[in-house]
Amino acid sequence: MESKSDASAATTPIISSSSSPPPPFSPRVVLSPCAACKILRRRCAERCVLAPYFPPTDPAKFTIAHRVFGASNIIKFLQELPESQRTDAVNSMVYEAEARIRDPVYGCAGAIYHLQRQVSELQAQLAKSQVEIVNMQFQRSNLLELLYKMDQQNQEQDNILSFESNDLGFLEDNSNTNSSMLWWDPLWTC
C-alpha cells in the first residue's frame with residue numbers, strides 16, 4: 001500500500017531543477033495537469049502543447065473542441081502553427097466546435113449565414129427609413145412654403161382692406177383714425 005506522500009508525488013509532476021533555462025514559449029510552471037491531459041487521463045509533460053491554451057480551470061473548453069476535432073488533430077494543428085497564432089487558432093476551434101454542436105449540419109457557417117441575413121434585413125430597414133425621412137423633409141418644406149405663401153396673401157389682403165374708398169372716390173387709410181380726420185379740418189383759421 002502506498003503512503004500519502006507517494007500518492008501525492010504521483011499526481012503532482014516533479015519539476016526538475018536542471019541547469020537549462022525554461023523554454024521561451026512556456027514561461028509558467030505547470031503545477032497541475034492541463035484540462036486536456038486531465039480529460040485524456042495522461043501525464044501532462046513539461047512541454048505540453050495543449051497546456052497554455054487549455055488551463056485546468058476550464059475543462060469544458062477542451063471537452064468541446066475534443067468532441068468535434070479530436071485530441072490528435074488539435075495537437076497536430078497547433079504544432080504546425082507559429083506560437084503567435086496558436087491562441088487565436090484554439091479560440092477559433094472552440095467557437096467552431098460550439099457552433100457544430102449547436103448546429104451539426106451547418107456549424108458556424110449557419111450562424112454566419114443567419115447574421116448576414118439579419119444584416120441585409122437591417123440594411124433594407126435603414127434604407128426604407130432614410131427614404132421616409134427624405135419624404136418627411138420634403139413634405140415639411142412644402143408645408144412651410146405653403147404657409148409662407150398663405151401668410152403673404154393674408155398680409156396683402158390686410159393691406160388692401162386697410163385702404164377703403166370714401167364717398168369722394170379717394171382711398172382712405174382706416175388704420176389711423178386721427179390722421180384720417182385731419183382733412184376735414186379747415187385749412188384757414190379765423
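Among contacts in the protein chain (heavy atoms within 4.5 Å) between residues at least 6 apart in sequence, 36% join residues at least 24 apart. The chain belongs to a predicted model, where local features need pLDDT of at least 70 and side-chain atom pairs count only at pLDDT 80 or more, while totals for chains, interfaces and linings use all residues. Residues are numbered from 1 along each chain as its sequence is written, and side-chain values use heavy atoms, with hydrogens and water left out.

**Overall layout**
- The protein chain holds seven helices and two strands, taken as DSSP runs numbered from the N terminus (helices H or I, at least four residues; strands E, at least two).
- Along the sequence, the pattern reads α-α-α-α-α-α-β-β-α.
- Of the 190 residues, 18% count as buried, where buried means under 20% relative accessible area, exposed over 50% and partly exposed in between (1.4 Å probe, protein chains only).

**The core**
- The largest nonpolar core has 20 residues, and Cys34, Leu50, Phe54, Ile74 and Leu78 have the most contacts inside it; such a core is a set of buried Ala, Val, Leu, Ile, Met, Phe, Trp, Tyr and Cys residues joined through side-chain atoms within 4.5 Å.
- Helices H2 (35-40), H3 (59-69), H4 (71-80) and H5 (83-102) each supply at least two residues of this core, with the largest share, four residues, coming from H4.
- Not counting residues up to four places away in sequence, Leu50 touches Cys34, Ala36, Arg42, Phe62, Ile74, Ile75 and Leu78.

**The aromatic pair**
- The structure holds one aromatic pair, with ring centres (Phe, Tyr, or the six-membered ring of Trp) within 6.5 Å; planes under 30 degrees apart count as stacked, over 60 as edge-to-face and the rest as tilted.
- The ring centres of Phe54 and Phe62 are 5.1 Å apart and their planes stand at 75 degrees, so this pair is edge-to-face.
- Phe54 and Phe62 are both buried.

**Glu96**
- Glu96 is found in helix H5 and counts as buried because its relative accessibility is 17%.
- Leaving aside neighbours within four places in sequence, Glu96 is in contact with Phe69, Gly107 and Cys108.
- Glu96 and Ala65 are 31 residues apart in sequence, yet 8.2 Å apart in space, C-alpha to C-alpha.
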